Amino acid sequence: MNKNKRDTFLLVYKLLLIAAGLVMLGLSSLAVLQHPFDHRWVVLCMLAIGSSWLATAKIPDAKNVITVSDTFVFLAAIFIGLEYAVLLAVLCTISESVRYVKKAFTLAVNISIISCSYYLSLSLTQAIFGDLKLLAHHQESFFRYAGALITLGLLQSTLNSLLVIALEVIKDSPALWKIWHAYHNPVLLTCLFGLLTAATVNALIHYFGFWMVSAVLPLLFISYLVARPYLQNIEANKQHVEELNALHLRTLEAFATAVDAKDQITHEHVKRVQIYAEGLAQLLRLSESDIKALHAGALLHDIGKIAVPDYILNKPGKLTAAEFDRMKIHTIVGAQILERIGFPYPLVPVVRHHHERWDGNGYPDGLQGEGIPLTARILTVVDCFDAVREDRQYRKGLTRDQAIEFLIRDKGKHYDPQIVDLFIENLPRFEAQVAKIKKGALAFSPVRIEATEAIRKALPAAGLMDSAASEKPIEYLQMIRAAHQSSQEILSLFEIAQLFNASLDIHETIPQAIKLLESLISFDTCVVYLLDEYGDTAGAHYVVGKNSENFFDHVVQVGGGVTGWVLANNATFANTDPKLDLSFLGAKGEDYRTLAVQPLTSHKQKYGAISLYSQTVGAYSEQQLRGLEQVAKLFSDALRNAALFKELKAQAMTDLLTGLPNMRYLREVFDEEEALPIDERQPLALVMMDLDNFKQVNKAVGRLDGDRALRQIAELMRAQLRRHDVLVRYTSDKFVALRRGIQREAIGEVAVRMQATLFDFRPAALQATEVKLRISIGQAHQGQDGYTLDELIAVAEKRLLVDKAARHSLNEFEAISQPHSNARTYSS
């Protein structure tokens, strides 16, 4: 039954009660008017009202009060009549209720309950046993008279209890047996005591006259005086226990909130979870003990995280298997801590099993379905719902609808489907309670408020804290969170440093580092700008976040906008109008509220800047800007290391004498070609070229002039190839060219051009010598002559040797036949 239906039903029930009470009261008044008025009733009224004012005591932990008026009501029933007893009961109720009840409607309900219970119980008793006045004056009817009194007491207490309990059940849906046990027993004892006293006084009146009615007063006051110290002692012991329990609970609360502060859990989260959990417990009609366990469990369920390292609690990414195993022990540790305390309600199962799953895949015991304690199932649902809605440093909180969808998606797997459905159905009611608490219009929890109030009073009284200090706001949670946040920043910086140290591929590591940066500093868009080779402009090379597609082609002029100013001045700039940077976004740029830009500089070398743009943050704090500065240093060092690595890699793949790439570079290019998809590959041809007679050059002109000539030859060879062809120095006087998409016939043409070029080449160093340069060429084609680079080199080298031998024979023949000829000879 939802709240609106319950309220409507409760109102109807109260109206019916009032109507019935008026009927009973009317019937009693009519009966009194039909007979001569008995003035003895006035005396009983005066005695009853006076004594109830003087001798009424509240029973500790109960809604009832002990009053002496019941004795006079029963005496009126025995001595005068039923109708007089009902009227007296109504008057006594009015007299007693005005001290406790402030609303007229509630007073009317109380009067109606008394009127109905007395009229019905007296009527039923007289219908069974006969008129009580006659039974009281006939000694031969003693046992019938005693039976009538006992029956009247049982009927009155039962009817009164049922009418009151019905109100409580409709209003709060508590367990019926629990409230019956708490309410009915005191009412029954009061009724039986009143009947016994009334029967005794009636006997005295029968033998000694009506004036003996005054004898009731000493009896009642003696009973009251005997009971009063007992009740006061109970109340004092109860208050002492409450103060100790409050101190106990508050101590645990302080410890638990300190642990929660490490996990970035707020006190408001605990309050909401307690409201949700207690509300579900009442709807499911759990016992008072279970409700208290849930109330404490919402606060203490993660107390075992004291045994979990901080870096695991707040790790932004997915936990490793070892880290997750370490995290899982917090349920066992928490249960063991609380077992040693010995709570008077079942708190330990809530703490131990709040991470069990409905499908049995939870921990620590792998319980499944209804084998999981109901209190733990409740806490699992409500704690998860509220936790996913809160922002953490490493993630954004979900919206209300997203959190509901999250529960629906996982019900039947993680969560009890019945509890999920019941929670979602009653969520508006719970949220209304949370809203009232925020406004201060509703006490958050009777247990918590009583505990807090008791501690506030007890600590100064015990000399543990002065009154002024007890009123000061507690700041230790903020201090713990601040210290923990610093630890988290150090951890995030360490993870970014590890990321950069693990790889020199900045194209892969910088986007990952930006995601880690988000756990330190909130932003909606992050852009890493890198300067071009001239240092005049910077392009957006890495972009993460909103509108990223609009940044990739964006170029910043040094000196223009905020980022351009930072690049020009090598200084940080933050908390200004982001439209100075984002005018190119148009309307999209209007959504951003602030920015922070940090230069990327290492060893006096500028590399670019990192710019953060936020739509939610009003202004970045000094702490956040310090964090950005630390991250920028890591980014700058990574860019410098990548540049150095690129330079060293280029040196390792370059022939120092000619400036051409070496064979290491050729192998890398060949492997890259092989890694391409088959439909993107082009046929490869390898050409090996050997300079004939170059050793004679070194002998003729010396090593230095020979090296100079070799560099010139390398430049001539490079000029004969296409821009995307690769030419490398193979050995001292051998070169290898790798050509893409070329046929065998075209290779021959290249060979002719190479030979012609070298034939005409006469560097200054060779002008005074007779050394003539020639070139031998061997070629190989992938697929026809081999597939791997080594296979192609081997084939090309064999063909080069054949060409060299043929050229040597031809040169000898030319020398014999034409010893003085300078005619050119080309061979392909």
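## Close-up views of a predicted model

Figure 1. Four strands make an open sheet with antiparallel pairing, in the order 10-11-9-12. Strands are DSSP runs of E with at least two residues, helices are runs of H or I with at least four, and both are numbered from the N terminus; two strands pair if DSSP finds at least two bridges between them. Strand 10 (726-729) and strand 12 (774-781) are the edge strands, each pairing on one side only. From one strand to the next the twist averages 20 degrees. Axes are lines fitted to C-alpha atoms, for helices over the stretch in contact, and angles between N-to-C directions run from 0 to 180 degrees. The model is predicted: local features need pLDDT of at least 70 and side-chain atom pairs count only at pLDDT 80 or more, whereas totals for chains, interfaces and linings use all residues. Residues are numbered from 1 along each chain as its sequence is written, and side-chain values use heavy atoms, with hydrogens and water left out.

**Figure 2. Strand 9 and its two partners.** Strand 9 (residues 684-692) runs antiparallel to strand 11 (residues 734-740), and seven bridges join them. Leu686 has Leu738 in strand 11 as its bridge partner. Helix 27 (residues 703-719) packs on this sheet and touches strand 9, strand 10, strand 11 and strand 12, its direction making about 160 degrees with that of strand 10. Contact here means heavy atoms within 4.5 Å. Strand 9 also pairs with strand 12 in the antiparallel sense, over eight bridges, and Val687 stands opposite Gln779 in strand 12.

**Figure 3. Burial of strand 12.** Eight of the eight residues of strand 12 are buried, where buried means under 20% relative accessible area, exposed over 50%, and partly exposed in between (1.4 Å probe, protein chains only). In a regular strand the side chains alternate between the two faces of the sheet. On one side of strand 12 the buried residues are Arg774, Ser776, Gly778 and Ala780, and on the other they are Ile775, Ile777, Gln779 and His781.

Figure 4. In strand 8, Ser614 is the bridge partner of Thr594.

Figure 5. Strand 4 (residues 537-545) has seven of its nine residues buried, so it is largely enclosed by the rest of the structure. Strand 3 (residues 525-531) runs antiparallel to strand 4 and is joined to it by seven bridges. The two form a hairpin with five residues between them, and Gly535 in the turn has a positive phi of about 80 degrees. Strand 4 pairs with strand 5 (residues 555-557) over three bridges, again in the antiparallel sense. Gly539 of strand 4 stands opposite Leu530, and its bridge partner in strand 5 is Val555.

**Figure 6. Surroundings of Ala596.** Ala596 is found in strand 7 (residues 594-602) and is buried, with a relative accessible area of 0%. Leaving aside neighbours within four places in sequence, Ala596 is in contact with Phe573, Ala574, Ile610, Ser611, Leu612, Tyr620, Leu625 and Leu628. The C-alpha atoms of Ala596 and Ser614 are 8.8 Å apart, and the two residues are 18 apart in sequence.

Figure 7. Eleven of the eleven residues of helix 3 (residues 69-79) are buried, so it is largely enclosed by the rest of the structure. Just after helix 3, Gly81 takes a positive phi of about 155 degrees. Helix 4 (residues 82-97) packs against helix 5 (residues 104-129) at an angle of about 155 degrees, with their axes 9 Å apart. These two helices are therefore roughly antiparallel to each other (angles under 35 degrees count as roughly parallel, over 145 as roughly antiparallel, 65 to 115 as roughly perpendicular and the rest as oblique).
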